[in-house]
Amino acid sequence: MALPTLKTSATTEELPLLHKRLRDIGYKEANIAQLLGRFDISELNGKEYPSYIWRCDRDTSELAKAVALFLLGRASDRPRVTELLGADLVSVLERCGILVEFRGAMVSLPVVFPCLDKLFFTDQWVGTGNQEPGKVYELGTDSYALARVTPRRNVEKALDLCTGSGLHAIFSAAAGAKSQAVDINPRALHYTEFNALLNGVEVQNHLGDLYNSVKGQTFDLITANPPFVPSPDPNVLIHRSAGETGEEVPEKLVAGLSKHLEPGGLFSMILDHPMYEGETYLERLERWLGADKGWG
């Protein structure tokens, strides 16, 4: 199935109407986790998808209807979707390529994840397992953890690398920072633009490889949720691959800090890392940085 193409044809006043409507009916992390029988929304598992559908089908609340439509990709007829969202909002979402109708059934092509007080479109999270060129990842445990623990107070200049859906760049912008986002995947930047519009903030996007697009610039905060799963298969798509060890991208991220992180600034990254005999992870970080002093 082809990945959806979102159209930023809504005005800055129209798309946030979806944000308001979903928040009004309780489309929040804790509420959705409780509805689907999970401890936390980051624990969603494709193997449990049938049980999520069952839970929503037996629940008559507006929240359950919204979760089925926007998080589980469940089709519904136009009258029910219109009752849930209102005719004006349905029209906006159709114009943007979010809602489509086929043989009387309406479906949302992307999904909507809540995170803290924001909402984010991504590509569908339940699929066949095949690689789809340009797919924008759903919010997983790593996405939520990095968003929840990263402090953004008093940050003036923020950079988010490997931005994906734009999650961390958007949180930095919402905190008042001049926020920039970089990704090697053009569809990711399109989603970032769309999600910034949805959440009412501005983010400057760059198509490129890590720091290459921001040469000469420094930042108070640099965030990154990079590819980190070892990928010995050379055919793995570049925007998903962290190399054979899983550390090729993280090493470049850390090595670039001396040129791009302001003194006193914060680098916030989440990843898995392999354990080696003879060298600790801290020692590897120091080697990548080229220094063993001056870093927290």
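Which residue in S3 is the bridge partner of serine 76? What we have on the screen is a predicted model, and I'd like to walk you through it piece by piece.

Back to the opening question. The partner of serine 76 is methionine 106, over in S3. S1 and strand S3, which covers residues 105–108, run antiparallel and are joined by two bridges.

The largest nonpolar core has 60 residues, and the ones with the most contacts inside it are Tyr27, Val67, Phe70 and Leu85. Helix H4 (residues 62–70) gives the largest share of this core, with seven residues. Which residues does tyrosine 27 contact, once we leave aside its neighbours within four places in sequence? The list includes Leu63, Ala66, Val67 and Phe70, and also Leu22, Ile32 and Val112. Apart from this core lies another one, of 20 residues, with Leu159, Tyr211, Leu271 and Leu289 among them.

You'll find leucine 93 in helix H6, residues 87–95. Is leucine 93 buried or exposed? Its relative accessibility is 0%, so leucine 93 counts as buried. Beyond its neighbours within four places in sequence, leucine 93 is in contact with Leu15, Leu18, Phe70, Leu85, Ile98 and Leu99. The chain also brings leucine 93 and glutamate 14 to a C-alpha separation of 9.3 Å, although they are 79 residues apart along the chain.

The buried residues of H1 are Leu18, His19, Leu22 and Arg23. Looking down the axis of H1, these buried residues fall within an arc of 125°, so they line one face of the helix. Here's the general idea that helps: an α-helix has 3.6 residues a turn, so residues three or four places apart point the same way. On the other side of H1, Lys20 and Asp24 are exposed. What do the buried residues of H1 pack against? They pack against H4, H6, strand S4 (111–115), strand S5 (118–122) and helix H9 (186–199). After H1 comes glycine 26, with a positive phi near 85°.

Next, aromatic rings. How many aromatic pairs does a search of the whole structure find? The count is five. In one of them, phenylalanine 121 and phenylalanine 194 have ring centres 5.5 Å apart and planes at 75°, so the pair is edge-to-face. Phenylalanine 121 is in strand S5 and phenylalanine 194 in helix H9, so the pair ties together parts 73 residues apart in sequence. With 0% relative accessibility, phenylalanine 121 counts as buried, and phenylalanine 194, also at 0%, counts as buried. The rings of tyrosine 281 and tryptophan 288 have centres 6.2 Å apart and planes at 90°, so this pair is edge-to-face. Both tyrosine 281 and tryptophan 288 are buried. There is also an aromatic cluster, formed by Tyr49, Tyr52 and Trp125.

Phe121 turns up again around serine 165. Serine 165 is in the loop between strand S6 (157–161) and helix H8 (167–174). Not counting residues up to four places away in sequence, serine 165 touches Phe121, Tyr191 and Asn195, among others.

Last stop: helix H12, residues 281–289. Here Tyr281, Arg284, Trp288 and Leu289 are buried. Down the axis of H12 they fall within an arc of 135°, so they line one face of the helix. These buried residues pack against helix H10 (248–255), helix H11 (257–260) and strand S10 (261–269). Following H12 is glycine 290, whose phi is positive, near 80°.

Terms used:
Residues are numbered from 1 along each chain as its sequence is written. This is a predicted model: local features need pLDDT of at least 70, side-chain atom pairs count only at pLDDT 80 or more; totals for chains, interfaces and linings use all residues. Side-chain values use heavy atoms; hydrogens and water are left out. A nonpolar core is a set of buried Ala, Val, Leu, Ile, Met, Phe, Trp, Tyr and Cys residues joined through side-chain atoms within 4.5 Å. Buried means under 20% relative accessible area, exposed over 50%, partly exposed in between (1.4 Å probe, protein chains only). Helices (H or I, at least four residues) and strands (E, at least two) are DSSP runs, numbered from the N terminus. Contact means heavy atoms within 4.5 Å. Two strands pair if DSSP finds at least two bridges between them. The arc is that of the directions from the helix axis to the C-beta atoms. Rings of Phe, Tyr and Trp (its six-membered ring) pair if their centres lie within 6.5 Å; planes under 30 degrees apart count as stacked, over 60 as edge-to-face and the rest as tilted.
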